[in-house]
Amino acid sequence: MLHTNLNLRSSSSAQRGAALAVVVHVVLLLAVLGQTVYLASRHRVRVDLTSEQLWSSSESTRTLLEKLDQRLVVEAYFSPQEKLPVTFRESRKWAESFLDELVQLGKGKVVLQRFDPNADDSVKKRAERVGVKPLQLTNSSTTSLSVDVHWQGLRLVYGGGKQKVLSQFLPSSSFVAEAMLTPAVKELVTVQRRKFGYMEWPVTAVGQQTPGGIGWNVLRSHEGISKRYEFQNLKDEDGALLPDDVDTLFLFRPKDLTDRQKYVLDQFVVRGGTLVAFVDAAEYAIGPQRTFSKIPLQLDATGSKQPFLGQLLHYGIEWKPKLVADMAQRAMSPRDPLQAPYEYFAAPQLDQFGRQRMVPIAYPYFFHPLPVDWKTSASELAKDASGKVDETAAASFRERFVAGMPSDEFLFQSFKNAGRGPGFYWPTWVGLREKAGGKPDLPPDVEGRVHLWSSPAALVEDPPQMVNPFGGARDAIQRNTEYAKFATKLRERMGNEPRLQVPLMVEVKGKFSSVFAGQDRPKRPSEIKEEEAKKAEAAVVDDPNTPEDESKQDGPPAPAKDDKKGKAADKPAVQEPPMRTTGDRPGRIVVVGDADFLRDDIVRGDLAQGGGPVSGSMAAPFFAQMLDWLAEDRDLVALQSRSATDRTLRFVADTGATAADARATEKALRDKTSMLRWSNVLLPTGLLTVLGFVVLIVRRAQKRSFLASLR
Amino acid sequence: MRETFVVMRRELVSYFVSPIAYVFGALMLGVLLYYSTEVTLVQGARASLDGFFQWLPFLLLFFVPALTMRLWAEERKLGTLELLMTFPVTIRQLVLGKFAAAVVYLALLLVLTLGLPITLGAYGKLDWPPVLGSYLASLLFASSFVAVGMFWSSLTRDQIIAMLAAMVSLFVLYQLGNPQNVEYANEWMPAWLVDVVSSISPHRYFVSIARGVLDSSHLVYFLCFCGFFLHANALVLQARRQRG
């Protein structure tokens, strides 16, 4: 009995001991594994699997940090992460992650200093003083309402002097963090701003109180641009030659050009300058009413002998002052079709509940180039009404058609990734000078290429008086009728006119000869006045009837007819260098067939309320990257090309066909989506089900035969 | 190793000779693909499997316990566990073999969903490396769930209890990594503790790999997580064998 009790006692104590051993074992194992995970997180290897390396810093950041010759102090005004609401905590994670990477890449040149403005009042005051803005977030519960103040801003100080403040640094990914921070660092390390000259001819403001018209100042004065580039207005009424320190000149919608102005431009490109012109064939009134009626625009000033078109042709650029429309549906689809502000054209329509809302409508005069190799669509475009391919036409298309963005220049990289170029508004034809047969015919020592093309569904016409798709109709029914007429007319033209692609941006470079060679140099207005004054003086001297001394005459002295003239006559003539007839250095001319997409009101979004157009999200990066491209500043190239690749799903291929039958397209799309969806759901599940049935039947047969063998 | 492979093969065959694999697989794929294609196969949308990989963890929460509930509980109920213990294999090999079989089965199911990325790739520029990374993350995530489910199955002979216990514990683990819960916990727990607790959740690491960043520490985490539960599973079976 005693023996049994002892056995039981020892057995239960052994069980307790074993249980304790298991518990200790598990706890120790947990500790070891926890430590392993912790150590692994401290010494980790990270591989970014995305093709565009979206989660890693780009070459731009690395190159810039290598260029730092002074210390870059990053003051991070961050309130504690654990107090942040969950929506901002992710952002903090990306911010911290990128800042850590920045410090590592900086190799001692980048110093990160953290401050918590919520913990120290003096730090808070300093944060406010330098321009860091707090996030004030309302926190409400059933019993209380409070406003929580959080901080997440940065101040970058370079070399103890130059500084840049990011008042709120709230990236949504490490990629966005880099896109915010790296350009800021670039601004700080930029020692000397590159100088660009410009001349602009403001747009007539319709229904707005804009003195002097609408210009192109918004983009030029954009903070990210103006910190790195300096713009100087060189539109001199007296037509002075451009200063030697200006090597790039922008023309924004040139018009009323005098021969003297053309001479200034000529001498500029002949001496090796870079001329960039944003041109329009016509000016249309937009304004609040969006009448889209033509406003007179004359390219050459009255009395000008040298046409500007001829001048460009001389350099190898053919500008046909026509209006271009692109009927390819994808080309005129806005970037975000459902969201205001409307990139292209939206009009009020009544929805099913009778509410009026803005709906984007197809307007082929507003479109963008597409990075599509249109040769591949040749067969599709050569189909006749019955769907049969005209092989001769297809072969001709394959020979003629080119990619919408054929250029490999870094300016276009991010646009190629985005799947579209900047949106143009009433663009015009700007291409290379061509011989008969369509081959380029460039001057000697000049090479050129077209950078942007429309789709092969382009229509070209002389600028009509009115391009309003609603024809000025006020009510919805009338508008619909007018729009149907407008669309039918364009479709008919599409059916009757040959398929062609229109060049929209062209570049020529090389040693240009002067278009004024062999002619007299056009004189400056002041020179003309001076000569006139001299002539008048000479005429007075030569006139025998003129008294020698008018003051001796009786009566009051005659008033000076033109005092300025007299002054001009007194002024010594300005010595101008002789005309350069041939270039000793290569110049460069870039012409873009639209100026509207960069103008202030369209970039700024002034017309957003009325249904657009608003170009800011595409025009601003285009202009900024164009400046880098012209300046050959490749520091931010890797950053720009990191913009997300266009991964848009297209179940119905865009062949450049017109938007003729939207309903048929929609039905085809619906059918295809449905087919793809159900095949994806049913194929694997059906496969498993069929296999299951097969196994079941085989098993049953096996069972039956087994039972039969037993009998 | 060979023994582990033999156990795995036996277990896999047992899946496929019974209707379980087919019914379970068809149901899971049907639900997963039906809902995920609704958000991924949309004209004009980005060619991405984000919608698919958002649904997957949530579905695994229900389907994995249903798969693992029978692994040990059924053996115990049918009395075959004792028979298994007499085989010339160690308990670790048994556990690993069953675990590997379940993971291979789930991997086969994932392979059957490859039609979706292929479709997306045909109609848009699908970024394949992160997609393959997401598949790897899904497999690791599913493996961690299998390890937990197997552990609960070893504790009871009732399959329903095993399934419910696994489901509840996996749900808790899943929710520990949910940012909203983390925020709530922050209000009454010290930050370091919240960080430690949330770092237990496999969901957190799954999300990180699925977005396209493969981090060695995340792989170590999944290895440790699975290793811990499989070891605990082996301990339970060991104790049971010792008790006779």
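Before counting anything: helices here are DSSP runs of H or I with at least four residues, strands are E runs of at least two, and both are numbered from the N terminus. Keep in mind that this is a predicted model.

**Stop 1: chain B as a whole.** Select chain B and color by secondary structure. Going along the sequence, the order is α-α-α-α-α-α-α-α-α-α-α-β-α. Of the 244 residues in chain B, 44% are buried. Among its contacts with a separation of 6 or more, 80% are between residues 24 or more positions apart.

**Stop 2: helix H8 of chain B.** Now select residues 159-176 of chain B, which is H8(B). How far apart are its end C-alpha atoms? They are 26 Å apart, and because 18 residues at 1.5 Å a residue should span 26 Å, the two agree. Show side chains for the buried positions: B:Gln159, B:Ala162, B:Met163, B:Ala165, B:Ala166, B:Met167, B:Leu170 and B:Tyr174.

**Stop 3: where H3 meets H8.** Hide everything but H3(B) and H8(B). Their axes are 8 Å apart, at an angle of about 145°, and the crossing is right-handed. On the H3(B) side, the contact includes B:Pro57, B:Leu61, B:Phe62, B:Pro65 and B:Met69; on the H8(B) side, look for B:Phe171 and B:Tyr174, among others. By type, the residues in this contact come to 14 nonpolar, 2 polar and 2 charged.

**Stop 4: the face toward chain A.** Bring chain A back. The contact between the chains involves 55 residues of chain B and 46 of chain A. On the chain B side, elements giving two or more residues include H1 (2-17), H2 (20-40), H6 (115-123) and H9 (179-186). Select H12(B) next: with 11 residues, H12(B) gives the most to this side. Color the chain B side by type and you get 32 nonpolar, 18 polar and 5 charged residues.

Stop 5: Finish with residues 46-48 of chain A, strand E1(A), alongside E1(B). The two strands run antiparallel and are joined by 3 bridges. Which residue of E1(B) is the bridge partner of A:Arg46? Click on B:Asp215 and you have found it.

Definitions and conventions. Residues are numbered from 1 along each chain as its sequence is written. Chains are lettered from A and ligands numbered from 1 in the order in which they are written. This is a predicted model: local features need pLDDT of at least 70, side-chain atom pairs count only at pLDDT 80 or more; totals for chains, interfaces and linings use all residues. The expected span of a helix is 1.5 Å times one less than its number of residues. A residue is buried if 20 or more other C-beta atoms lie within 10 Å of its own, exposed if 12 or fewer, and partly exposed in between; C-beta atoms are placed from the backbone. Two residues are in contact if their C-beta atoms, placed from the backbone, lie within 7 Å. Ala, Val, Leu, Ile, Met, Phe, Trp, Tyr, Cys and Pro count as nonpolar, Asp, Glu, Lys and Arg as charged, and the others, Gly among them, as polar. Two strands pair if DSSP finds at least two bridges between them. Axes are lines fitted to C-alpha atoms, for helices over the stretch in contact, and angles run from 0 to 180 degrees between N-to-C directions. A crossing is left-handed if the near helix is turned anticlockwise from the far one by less than a right angle, and right-handed if clockwise.
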